Amino acid sequence: MGKFAQEFAKGLIITNPVLVLLLGLCPALAVSTSIDNALGMTLAVLIVLLGSNIIIAAMRNFVPSITRIPIFIVIIATLVTVVNLLFHAYLPDLHETLGIYLPLVVVNCIVLGRAEAFASKNPVVRSIADALGMTVGFMLALLMISLIRQMLGTGEMSVFGVHFFSLPVLSSRPVAIFILPPGGFLVIGLLLGLFKWTGVLKR
Amino acid sequence: MPAKDVFGRAFPVILLTAVVAICVSLLTYVGSITLPRIEALEVQKIQGMLSGMFPDMSRYTFEDEIYAIYSDEVRIGYAFVAVGKGYGGAINILVGLEDEATIKGITVISHTETPGLGSRITEDLFTGQFVRLSVDDAALRRDGGQIDAITGATISSRAVADAVRITAMEKVKVLEDSEEGG
């Protein structure tokens, strides 16, 4: 397996940002109420993480360690704001669905975490692979959580307005707690427990 | 201190300043190219909502934060934005009035209510209750009005109903005053 593929693949399961590194739990809990939100969030994270990993990897040889965190944060905040503005202007529907969670990508620990732990020590190409892998890992985790939450919390299976099916009892009497914050904790906790128990995520 | 040392010690500051300067310029640029589009979208959105509420609308004017809706130069109603204090923050509602006492309809422009509970204030099942309702009756049933609250979202429902009623009364007063004056 080539280096690029290796850096990409590790983010999926072995060091899955949400399920193993337990990073970015705040957005993972907040936006996982529906599959739409999960996918929209993934797109935003993809752009920001890819951008920040590339820029930070390119700058890694001359960024002094004493000011690296402020520099990383300024770069990440800028990317997030740019994404926010572009979504607002060109993808208004998605911007509306994501609402406050889009600007909150700036405090997503995955982005700063990868900048600090990977991009600042590795060349650009490997940082791109890392960003892509981490984003896909983030997406997988979010899709899993949001699928469960959306199904139980609304009883409807629909993505971006396209309705697939409704669950018989749940659609008329949804278990609303699953799309509320406590439901996020419940689902993510149970998923983590399940993975630990079955050993799927064992390194 | 030799010049090289000074530069070496100042380098982190210089670099950070440079990064901030570049980022600010980039943001200013992106902001300036997206702003007209964002504003145009807002206008388009309001226009779409207004013509959804008043299908006969041919044009509208905007004065004193009130939209006056015209169809072939005949005024057919008013619209304005009401802000309710919901469970999760401000709820912006576009309220249409047929005349000074009757609501034409309402549309929720934006809100941050709980998904699946409070967010259902946007559904026709809830907003439909306001259509052709007398302004005085725009209150929850338990508050003496005609509006059924959404199950599990009393605060959001009440915020909408109260904002609609209170703002409508204020705006009607503004309209009457301006008519008397003019």
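Predicted model: local features only at pLDDT ≥ 70, side-chain atom pairs only at ≥ 80, totals over all residues.
Strand S5 of chain B spans residues 102-110 and pairs with S4(B) over seven bridges in the antiparallel sense. These strands, S4(B) and S5(B), form a hairpin as well, with two residues between them.

Now step back to see the whole sheet. Chain B has an open sheet of five strands in the order S1-S2-S3-S4-S5, with antiparallel pairing. The edges are held by S1, residues 59-63, and S5 of chain B; each has a single partner strand, so one side of each is left without a neighbour in the sheet. On average, neighbouring strands are turned by 25 degrees against each other, direction ignored. As background, strands of a sheet pair through backbone hydrogen bonds, either parallel or antiparallel.

If you like checking backbone torsions, two residues of chain B deserve a look. Asp64(B) lies in the loop between S1 and S2 of chain B, and its phi is near 50 degrees, a positive value in a residue other than glycine. Asp64(B) counts as exposed because its relative accessibility is 54%, and the cut-off for exposed is over 50%. Arg132(B) sits in the loop between helix H2 (124-127) and helix H3 (154-181) of chain B. Its phi is near 60 degrees, also positive in a residue other than glycine, and Arg132(B) is exposed with a relative accessible area of 57%.

Chain A brings us to helices. How are helix H3 and helix H6 of chain A placed against each other? H3(A), residues 35-59, and H6(A), residues 109-119, pack at an angle of about 30 degrees with their axes 10 Å apart. Angles under 35 degrees count as roughly parallel, and H3(A) and H6(A) are therefore roughly parallel to each other. The crossing of H3(A) past H6(A) is right-handed. On the H3(A) side the residues that meet H6(A) include Val48(A), Leu49(A) and Ile56(A), while those in H6(A) include Ile110(A), Val111(A) and Arg114(A).

Moving along chain A, Thr67(A) lies in the loop between H3 and helix H4 (68-90). Is Thr67(A) buried or exposed? Thr67(A) is buried, since its relative accessible area is 12%, and buried means under 20%. Leaving aside neighbours within four places in sequence, Thr67(A) is in contact with Pro12(B) and Leu16(B), which takes us back to chain B.

Finally, a word on the cysteines. How many disulfides does the structure hold? Over all chains there are zero disulfides. Cys109(A) counts as partly exposed because its relative accessibility is 39%, whereas Cys23(B) counts as buried at 9%.

Conventions
Residues numbered from 1 in each chain as written. Chains lettered and ligands numbered in written order. Heavy atoms only, no water. Disulfide = S-S within 2.5 Å. Buried < 20%, exposed > 50% of the residue type's maximum accessible area, 1.4 Å probe, protein only. Pairing = 2+ DSSP bridges. Helix = DSSP H or I, 4+ residues; strand = E, 2+ residues; numbered from the N terminus. Axes fitted to C-alpha atoms, helices over the stretch in contact; angles between N-to-C directions. Parallel < 35°, antiparallel > 145°, perpendicular 65-115°, else oblique. Left-handed = near helix turned anticlockwise from the far one by under 90°. Contact = heavy atoms within 4.5 Å.
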